[in-house]
Amino acid sequence: MAPSAIKDLRNMRRYIAESSPHYAREFLDDLTAKIAWIAEVDFTGSPRDHIAEGLRGLPYRNRCSYYRSYHDGIEILRAKHGAEDIKSQDFEL
């Protein structure tokens, strides 16, 4: 998982925890389980080439996990809220 994705998840947890620390833990556990599932089954997701070449996305619970799939696995690049304006600059590493 890219450092930017880890930062995204931490920011989500902090934001949700302002209202409910319990729900923040539950939500992030669920979201990270979905991310693990993407890696396990090498889920193809939806192409997001209009944002960045080879980028894929999986919307889940008003969030979207953005990743690239390689022959030996996947790399989660970002985990963003579905309402955020996503630009190609968000994926420059």
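Me: Is Asn62 buried or exposed?
Reply: Asn62 is exposed, as its relative accessible area is 60%. The scale here is buried under 20% relative accessible area, exposed over 50%, and partly exposed in between, with a 1.4 Å probe and protein chains only.

Me: Where does Asn62 lie?
Reply: Asn62 lies in the loop between S2 and S3. Its phi is positive, about 60°, although Asn62 is not a glycine.

Me: And Arg61, where is that found?
Reply: Arg61 is also in the loop between S2 and S3. Phi of Arg61 is near 55°, again a positive value in a residue other than glycine. Arg61 counts as partly exposed, because its relative accessibility is 33%.

Me: Before I go on, where do these numbers come from?
Reply: This is a predicted model, so local features need pLDDT of at least 70 and side-chain atom pairs count only at pLDDT 80 or more, while totals for chains, interfaces and linings use all residues. Residues are numbered from 1 along each chain as its sequence is written, and side-chain values use heavy atoms, with hydrogens and water left out.

Me: Ok, back to Arg61. Which residue does it form a salt bridge with?
Reply: Asp30, with the closest N and O atoms 2.6 Å apart. Asp30 is in helix H2 (residues 21-41) and Arg61 in the loop between strand S2 (56-60) and S3, so the pair ties together parts that are 31 residues apart in sequence. Asp30 counts as partly exposed, at 25% relative accessibility. A salt bridge here is a side-chain nitrogen of Lys or Arg within 4 Å of a carboxyl oxygen of Asp or Glu.

Me: How many salt bridges does the structure hold?
Reply: It holds 3. One of them joins the side chains of Arg78 and Asp8, at 2.7 Å from N to O. That pair links distant parts of the chain, with Arg78 in strand S4 and Asp8 in helix H1 (residues 3-17), 70 residues apart.

Me: Are Arg78 and Asp8 buried or exposed?
Reply: Both are buried.

Me: What does Glu84 pair up with in a salt bridge?
Reply: Glu84 forms a salt bridge with Lys80, and their closest N and O atoms are 3.0 Å apart. Glu84 counts as partly exposed at 38% relative accessibility, whereas Lys80 counts as buried at 11%.

Me: What about Arg63, which strand is it in?
Reply: Arg63 is in strand S3 (residues 63-70). Arg63 is buried yet has no salt bridge, and the nearest side chain of opposite charge, Glu84, is 6.8 Å away.

Me: Which residues is Arg63 in contact with?
Reply: Leaving aside neighbours within four places in sequence, its contacts include Met12, Ile16, Phe27, Leu31 and Lys80. Contact means heavy atoms within 4.5 Å.

Me: Switching to the end of the chain. Where is Phe91?
Reply: Phe91 is in the segment after strand S4 (73-81). Phe91 counts as buried, because its relative accessibility is 6%. Beyond its neighbours within four places in sequence, Phe91 is in contact with residues including Ile51, Leu55, Tyr66 and Ile86. Phe91 and Ile51 are 40 residues apart along the chain, and their C-alpha atoms are separated by 8.5 Å.

Me: And Ile86, is it buried or exposed?
Reply: Ile86 counts as buried, at 16% relative accessibility, and is found in the segment after S4. Leaving aside neighbours within four places, Ile86 is in contact with Ile51, Tyr66, Lys80 and Phe91.

Me: Zooming out now, how many helices and strands are there?
Reply: The protein chain has 2 helices and 4 strands, running α-α-β-β-β-β from the N terminus on. These are DSSP runs numbered from the N terminus, with helices (H or I) of at least four residues and strands (E) of at least two.

Me: How much of the chain counts as buried?
Reply: 35% of the 93 residues.

Me: And what box do the C-alpha atoms fill?
Reply: Roughly 40 × 25 × 20 Å, taken along the principal axes.

Key
Lys, Arg positive; Asp, Glu negative; His and termini not counted.
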